[in-house]
Structures are given as C-alpha cells and as structure tokens.
Amino acid sequence: MDFKKWEPVYEAILEDFGFSKEDDQNAANILSHLLIGPNTTSTDVLEELISGKDVLVCGNAPTLAQELDQVKIEDHVVIAADGATATLVDKGIIPAVIVTDLDGDVEKEIQANQEGSIAVIHAHGDNIEQILKYVPRFNKIIGTTQAKPFSNIYNFGGFTDGDRCVFLAGEFNATSITLAGFDFDDENVTEMKHKKLGWAKNLLGVL
Ligand SMILES: Nc1ncnc2c1ncn2[C@@H]1O[C@H](COP(=O)(O)OP(=O)(O)OP(=O)(O)O)[C@@H](O)[C@H]1O
Ligand SMILES: Nc1nc2c(c(=O)[nH]1)N=C(CO)CN2
Ligand SMILES: [Mg+2]
C-alpha cells in the first residue's frame, strides 16, 4: 500500500479514536528491534503463498465455526485474523498466515506458528506490552505498522486485524478473497469493538 494513499485514512483513525501517532511509531520501533533475522521471514514468501490464489480470510465473529463448514478449506489459502486462529486450530486447520496485534488467544497463535503459520504482527500504541512479552516466542514474523513503514516494518493498509488480512491478500495479488466470520453488526460486542467494526466495514467497502 502506498503510504500516501493510506495516510489520510490513518489521520482520520487517529482523530476518531484519540490514538497517538508517536505511540504507534514508538511501538513500531520496538517491534523493529525485536525482529532479528532468524525470527523473521521475507515478504516474498507472502507473495509466493498468495499471488494467483483463492484466499479465505477468517474474522472472529461467533458465526465463524459454522461458516467454515460451508467452505472447501483445501481450495483456499487461509488467513486468520487474531482470535479466529483459535477456532481454526480447534478444527484442525493451520492458517497459512495469522494477522495479529496479539490481543487474541496468543498461545493458540504460537502453536499454529510452530506448525507453520506466518505471523504478521502489528505494532500500535496500545500493544507494546504484548509485543515485548510475545514476539520472542514467535518465528517467521513479518512486522507491520499503521503509521509510516520503514526498514523491516511494513504497512499493507487496513486497521483492525480482520480488514488488514484483506488488504494483505490484495497487496499480494490474491485472485479472489472470500470472507468468513465477519459480522459488522454483531450486537454482543463492546462499544469500542462496535466502533472498530464500523471502520473495518467501511475500509472493506472502499476496497
Ligand atoms: N462480530 C465480530 N466480532 C469480532 N471480530 C470480528 C467480527 N466481525 C468481524 N471481525 C473481525 O475479526 C477480527 C479478529 O477478531 P478478534 O476477536 O480477534 O478481535 P481483536 O483481536 O480484538 O480485533 P482487533 O485487535 O482488530 O480489534 C477483527 O479484527 C475484525 O476485523
Ligand atoms: N493505537 C492503537 N491502534 C490500534 C488499536 C488500538 O487499540 N490502539 N487497535 C487496533 C485494532 O483493534 C488497530 N490499531
Ligand atoms: Mg487483535
């Protein structure tokens, strides 16, 4: 994603949520320093995995488990948004890629990562503690930010884990993107989550 295109959206998100750009940049710097070669992988691997493929992006709506029963999983490259990983692992499905800001069931994500999932780990101003705690336990990491990308920290576009999966699939030229486990109007979520889902819905609409 061209950062010049993403930047106005990012500025609007900062304003709407009152997030601090400096905190986001600080988090990205910390993540960058934790990515030390052996625990990382190249974006070429994402290109190889996704380009020309049919992608299934799994969000963590309560409907995910039953929606998975209606999809031919083996025909897709599966990308899991954070908490969706646990539902997939419990069904015996190891996603090719996990997109996470490390506030879901991280132990299940580490398990899937050990079994082969690439971990696309997102740094933002409110997950520095999780980054310091969990990043050393992952391998095959690609670091992301919602602020300006630099050196080993990428910005493929998107805000919530779920819509960032879709932006990532687009960035790496998926042939098709199918969504499972996305319910933007879920009423059993906190006010903050509802607001984030509103952004996710709009961002996917724009895509
Ligand atoms: N009804 C829903 N409840 C939760 N997540 C949903 C829902 N519908 C879609 N999603 C997508 O699934 C993603 C992963 O959900 P999870 O419950 O792990 O949330 P999360 O890790 O708190 O999300 P985020 O960190 O992006 O706020 C969300 O980022 C969101 O884009
Ligand atoms: N600073 C900040 N950035 C974010 C946050 C958040 O809580 N704080 N949550 C996100 C997805 O839920 C994505 N980006
Ligand atoms: Mg998350």
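A word on the source. This is a predicted model, in which local features need pLDDT of at least 70 and side-chain atom pairs count only at pLDDT 80 or more, while totals for chains, interfaces and linings use all residues. Residues are numbered from 1 along each chain as its sequence is written, chains are lettered from A and ligands numbered from 1 in the order in which they are written, and side-chain values use heavy atoms, with hydrogens and water left out.

Where is Asn-155 found? It sits in the loop between strand E6 (153-154) and helix H8; helices (H or I, at least four residues) and strands (E, at least two) are DSSP runs, numbered from the N terminus. Asn-155 counts as buried because its relative accessibility is 6%, buried meaning under 20% relative accessible area, exposed over 50% and partly exposed in between (1.4 Å probe, protein chains only).

I turn now to the core. The largest nonpolar core has 24 residues; such a core is a set of buried Ala, Val, Leu, Ile, Met, Phe, Trp, Tyr and Cys residues joined through side-chain atoms within 4.5 Å. H8 gives the most to this core, with four residues. Apart from it lies another core, of 16 residues, Leu-102 among them.

How do H8 and H9 meet? Their axes come within 9 Å and cross at roughly 15°, the axes being lines fitted to C-alpha atoms, for helices over the stretch in contact, with angles from 0 to 180 degrees between N-to-C directions. H8 is therefore roughly parallel to H9, as angles under 35 degrees count as roughly parallel, over 145 as roughly antiparallel, 65 to 115 as roughly perpendicular and the rest as oblique. Asp-163, Val-166 and Phe-167 of H8 make the contact with Ala-200, Leu-203 and Leu-204 of H9, contact meaning heavy atoms within 4.5 Å.

Finally, two loop residues. Leu-102, between E3 and helix H6 (106-114), has a positive phi of about 65° although it is not a glycine. Asp-82, between E2 and helix H5 (84-90), has a phi near 35°.
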